[in-house]
Amino acid sequence: MVARRQPVRTPTFGGERMPPAPPASTPEARRRLQELPRKDTVPELALRSALHRLGLRFRVNIAPIPGRRRADVVFRRAQVAVYVDGCFWHGCPTHLRVPRTNREFWEAKFAYNRRRDADTDRQLARAGWRSVRVWEHESPDQAALKVLALLTSIAKR
Ligand SMILES: [Zn+2]
């Protein structure tokens with residue numbers, strides 16, 4: 001009897017399924033990927049500190065609307081969600097270098113991530129939220145000022 005691999009449940013949005021992951025090319029490649037931080041990364045922490053220095057209070061790592069990706073920083077009353085997008089996973093135009101091994105998979109994966117980010121922004125907008133996307137390479141102080149400007153403009157309406 002041939003053992004069938006159980007299909008892995010992959011996250012979806014709008015009926016679209018994430019491209020299935022190929023096996024890591026080498027144990028080292030697998031380890032490097034697993035070590036990429038996904039949560040409380042240095043750029044996220046730097047942005048939070050910069051926001052605190054501006055006297056802002058917010059929630060962290062919560063989903064602004066049910067079923068969507070958690071935002072890194074959430075201002076509930078103002079309905080503003082801030083995402084710090086990693087240059088690798090979110091395909092920053094300046095720093096993205098598609099790995100040479102499994103290139104097709106990675107291109108599909110980055111394209112999927114970009115569509116999912118755009119979809120999240122649309123869903124948030126539909127629910128009356130604004131999203132701010134900050135690249136991990138951006139200066140945290142500049143990004144914090146951008147968030148402050150948005151919050152100020154919302155408060156004035
Ligand atoms: Zn970048």
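Two residues are in contact if their C-beta atoms, placed from the backbone, lie within 7 Å. Keep that rule in mind for this tour. The model is predicted: local features need pLDDT of at least 70, side-chain atom pairs count only at pLDDT 80 or more, and totals for chains, interfaces and linings use all residues. Residues are numbered from 1 along each chain as its sequence is written.

**Stop 1: the whole chain**

Show the cartoon. You will find 4 helices and 6 strands in the protein; helices (H or I, at least four residues) and strands (E, at least two) are DSSP runs, numbered from the N terminus. Starting at the N terminus, the order of elements is β-β-α-α-β-β-β-α-β-α. Of the 157 residues, 20% are buried. A residue is buried if 20 or more other C-beta atoms lie within 10 Å of its own, exposed if 12 or fewer, and partly exposed in between, with C-beta atoms placed from the backbone. Take the contacts between residues at least 6 apart in sequence: 61% of them join residues at least 24 apart.

**Stop 2: proline 140**

Select proline 140, which sits in helix α4. Is proline 140 buried or exposed? It counts as buried, because it has 21 C-beta neighbours inside 10 Å. Setting aside neighbours within four places in sequence, proline 140 is in contact with Pro43, Ala46, Leu47 and Ala50.

**Stop 3: two packed helices**

Two packed helices are described by the angle between their axes and the distance between the axes. Colour helix α2 (residues 42-53) and helix α4 (residues 140-156): they pack at an angle of about 55 degrees, with their axes 8 Å apart. Axes here are lines fitted to C-alpha atoms, for helices over the stretch in contact, and angles run from 0 to 180 degrees between N-to-C directions. This angle makes α2 oblique to α4; angles under 35 degrees count as roughly parallel, over 145 as roughly antiparallel, 65 to 115 as roughly perpendicular and the rest as oblique.

Show the side chains next. From α2, the contact is made by Pro43, Ala46, Leu47, Ala50 and Leu51, and from α4 by Pro140, Asp141, Ala143, Ala144 and Val147.

**Stop 4: strand β3**

Move to strand β3 (residues 59-62) and pick isoleucine 62. Isoleucine 62 counts as partly exposed because it has 13 C-beta neighbours inside 10 Å. Beyond its neighbours within four places in sequence, isoleucine 62 is in contact with Arg70, Ala71 and Val74. Draw a distance to alanine 81: the two C-alpha atoms are 9.3 Å apart, and the residues are 19 apart in sequence.

Asparagine 61 is exposed, with 12 other C-beta atoms within 10 Å. What is its phi? Asparagine 61 has a positive phi of about 55 degrees, although it is not a glycine. Most residues other than glycine have a negative phi.

**Stop 5: around helix α3**

Select asparagine 102, in the loop between β5 (80-85) and α3. Its phi is also positive, near 60 degrees. Asparagine 102 is partly exposed, with 17 other C-beta atoms within 10 Å.

Continue into helix α3 (residues 103-126), whose 24 residues reach 35 Å from the first C-alpha to the last, close to the 34 Å expected at 1.5 Å a residue. The expected span is 1.5 Å times one less than the number of residues. Finish at glycine 128, which follows α3 and has a positive phi near 85 degrees.
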